[in-house]
Amino acid sequence: MSVHFERWPFAPPANRLPEEEERWWETCHVPHPALEVIESHSQWCVLRGGAQHGKSTLLRALKRRQDASALILEDEVFSDPREEAPQGNILYRILFHASWALRDRLRTQPEWFSHLSRTQLEFLRWAVEKFHGPRAFLRWLDGLPADHAQAMEKIPFEDLYPTQTASMDVDGQLEELVNLCHRLGYQQVLIHIDTPPFLSAGQQSEIRAMLGWLKPMQRYGIKVILAVPSLFSKEEISELGRGRLTLLDLETPPDFTKEVVERHLLASTAGQFQRLEQLCSPDLMRQLENMLEEEFGDFPPGAWLKVAEIVLEIAAKTEQVPLTEETFSVIRLAYAARCQPLRLGAPDMPPGVWRGRQWLNLDRALYEFLRLLMERKGKCVNHKMLHTSKSNLHTLASRLKKVIEPGPDYDVYLKNRKGEGYWLENFISLQTHRP
């Protein structure tokens, strides 16, 4: 059977064209039940859940629904390793992002200047210059109509709030920000904070400090929605927040996951296929379920979507539908190569490595060998570098392959070139681990 499919439904949001993104929301998105719960609570919210369960998609859905009524700030301090990302405490980052967003709002809609009081203009000048520098303030003025630029220039800069932690300064900054946003038509200020599945010890400490700083949580009109991996226990989050936040465990019922996959298949194949069972035999489906359960312990929708795209590729190439269990090795190889990079465990963990979201224990010799391979960044390691014999190197490599490869006949991670040695592919470099 001829199989035709489009890739855009499975692409990351940043890789979709604007029209594809709109189609995705209309045809592929399944609203999560937690969406209504988050909107109904005025407290700070913590979304706790495993990898590929849809925390990031839920944040995007909230932004789409509330963009017109709230000033939504996306804080990428944990998910974006760029050096220019603000590195201060949560109050610093709120004001950093808010001042820039308000600067842009008034640049594109300068008529809103007339809605602001003298006090609010003083606060706005302070915030732009305090968090982005005098030059950013002057560049902003250059883009404004002359009368508004002259009026703002006449307002002298005064360091209204010299500290970020003093109780009165915290209250004052947040109150002025909320009042300013209300005057510009925003009902509240929402801060979305997403986090990757792997967090360094320093990032974990920063999240705990943020959740334990109660003062910002008490300010009406300011709401943080934080998505965290399940390494944070429910008890720890509740204890840190001391009743001032809403904790939601992001669970994905089987029916929800099924509908997510069905919508993506329908959109991708123009209705040719709706269910994964149409593309896979029962035996193959069982093997795929075992594969995902081995990695995640359950069946997250994001992982099933990655599997569905691979299945469509193979079905289109082979024109064989349904695919049989003999195809599993091909699917497994593709899934490991695309979705399961190796990452060393944190220094305070026992020796081991993450393969995707599956933890693999290593003895000390294998751990040090793997670490050296990662440090070499894809360059060969030979027996001389290990001060051992060729025979011992091959034994070490054989032992490592048995642990990290998804099967005895796979060659996803550890590669060999005769006479040169071994090198590693499909891994996350040690340099990407933030302190």
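Helices (H or I, at least four residues) and strands (E, at least two) are DSSP runs, numbered from the N terminus, and the expected span of a helix is 1.5 Å times one less than its number of residues. The model shown is predicted, so that local features need pLDDT of at least 70 and side-chain atom pairs count only at pLDDT 80 or more, whereas totals for chains, interfaces and linings use all residues. Residues are numbered from 1 along each chain as its sequence is written, and side-chain values use heavy atoms, with hydrogens and water left out.

**View 1. Helix α17 and its buried face.** Helix α17 (residues 390-404) has 15 residues and reaches 21 Å from its first C-alpha to its last, close to the 21 Å expected at 1.5 Å a residue. Its residues L393, L396, A397, L400 and I404 are buried, a term that means under 20% relative accessible area (1.4 Å probe, protein chains only). Seen down the axis of α17, these buried residues fall within an arc of 100°, so they line one face of the helix; the arc is that of the directions from the helix axis to the C-beta atoms. An α-helix has 3.6 residues a turn, so residues three or four places apart point the same way. The cover over the buried residues of α17 includes β6 (342-344), β7 (352-355), β8 (358-361), α16 (364-375), β9 (414-417) and β10 (421-424), where contact means heavy atoms within 4.5 Å.

**View 2. Helix α15 and its packing partners.** The end C-alpha atoms of helix α15 (residues 328-339) are 16 Å apart, in agreement with the 16 Å that its twelve residues should span at 1.5 Å a residue. Buried in α15 are F328, I331, R332, A334, Y335, A336 and C339, and these residues pack against α13 (282-296), α14 (301-318) and β7.

**View 3. The crossing of α1 and α3.** Helix α1 (residues 18-27) packs with helix α3 (residues 55-66) at an angle of about 100°, their axes lying 13 Å apart, which makes α1 roughly perpendicular to α3 (65 to 115 degrees). Residues E21, E22, W24 and W25 of α1 make the contact with T57, R60, A61 and R64 of α3.

**View 4. R16 in the segment before α1.** R16 is placed in the segment before α1 and, at 8% relative accessibility, counts as buried. Leaving aside residues up to four places away in sequence, R16 touches W8, P9, A11, E21, W24 and R60.

Key
Axes are lines fitted to C-alpha atoms, for helices over the stretch in contact, and angles run from 0 to 180 degrees between N-to-C directions. Angles under 35 degrees count as roughly parallel, over 145 as roughly antiparallel, 65 to 115 as roughly perpendicular and the rest as oblique. Buried means under 20% relative accessible area, exposed over 50%, partly exposed in between (1.4 Å probe, protein chains only).
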